[in-house]
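Welcome! Please take a moment to look over the sequence and the 3D view before reading on.

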Amino acid sequence: MHIVLQLIPKKYLIGGTLILLGLSGLLIMSTIVAITGEFEKDSQQSDVTEMEGGGIGVRTANVSPEVMKYQPLLEKYAQKHGLDASYVPIMMALMMQESGGRGNDPMQSSESKCGRVGCIQNPEASIDQGVKHFKSVLEKSHYDLKLCLQSYNFGPGFINFIMKNGGKYTPELAIKFSQIQYQQVKHTGKYHCVRPEMVPYQACYGDSKYVDAVGRQTMSV
């Protein structure tokens, strides 16, 4: 082998070595790019799954101490109503948006129980009804988490509205539903825009940005 190498001109040996080094470098770079691309793809898919479907999994609630103290009760009533415990963090975020964990009805679930505000005056009863209502809306939404959350705020009628308008939640449809409902109830004087930016749209029924608001109360582990 040594003799063969001696017979080959040095310039060819150097050139061949450089070519081999170049090919090796390209192979290593291609492998790194492929691995990185696959990792980013998996990461993006994970983010979509967390917010759009059932099974929150890797999300946890970023909430106040007042809400955190209700975690055991949320877990208790999730088990009672047959709701997977992975939804507890999102319900904590929901409670944070509804009340910050304060008051006698921290999940603001009176309306879902008796059709009016204020009929629940006990935090545990609020959580019992709130978890039951959340599960009901989740099932009616076919486990579309965004649709479920917005329907918790608007009421189950929003699900029917979505099913008649493409079958999938969008922020634009949330605003449109709020506009339609507000036109029907604004004469009562009981409804006012919770967000100033919705005033020009006259989308003052409920909170049409509820999904984003709840989403800000969650974070990845």
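The report below covers the core, the pocket and the salt bridges.

## About the model

This is a predicted model, in which local features need pLDDT of at least 70, side-chain atom pairs count only at pLDDT 80 or more, and totals for chains, interfaces and linings use all residues. Residues are numbered from 1 along each chain as its sequence is written, and side-chain values use heavy atoms, with hydrogens and water left out.

## The nonpolar core

Let's begin inside. The largest nonpolar core has 43 residues; such a core is a set of buried Ala, Val, Leu, Ile, Met, Phe, Trp, Tyr and Cys residues joined through side-chain atoms within 4.5 Å. Leu-74, Met-91, Met-107, Phe-134, Leu-149 and Phe-158 touch the most other members. Among the elements that give two or more residues to this core are helix 4 (71-80), helix 7 (123-140) and helix 9 (157-163), while helix 5 gives the most, with 7 residues. Helices here are DSSP runs (H or I, at least four residues), numbered from the N terminus.

Beyond its neighbours within four places in sequence, Met-91 is in contact with Leu-74, Ala-78, Leu-83, Met-107, Val-131 and Phe-134, where contact means heavy atoms within 4.5 Å.

## The largest pocket

Next, look for the open space. The largest pocket holds about 890 Å³. A pocket is an open set of points on a 1 Å grid over the protein atoms alone, where a 1.4 Å probe fits, with protein on both sides within 12 Å along at least five of seven lines; lining residues have an atom within 4 Å of a point. The volume is the space filled by probe spheres set on the points, which are joined across faces, edges and corners.

The pocket has 31 lining residues, and Glu-98, Glu-111, Val-117, Asn-153 and Gly-206 lie nearest its centre. Helix 5 (88-98), helix 6 (110-114) and helix 8 (145-154) each give two or more residues to this lining.

## Salt bridges

Finally, there are 5 salt bridges in the structure, each a side-chain nitrogen of Lys or Arg within 4 Å of a carboxyl oxygen of Asp or Glu. One of them joins Asp-128 and Lys-80 (3.1 Å, N to O). Because Asp-128 lies in helix 7 and Lys-80 in helix 4, this pair ties together parts that are 48 residues apart in sequence. Asp-128 is buried, at 19% relative accessible area, whereas Lys-80 is exposed, at 53%; buried means under 20%, exposed over 50% and partly exposed in between (1.4 Å probe, protein chains only).

Another salt bridge joins Glu-139 and Lys-135 (3.8 Å, N to O). Both residues lie in helix 7, 4 residues apart, about one turn of the helix.
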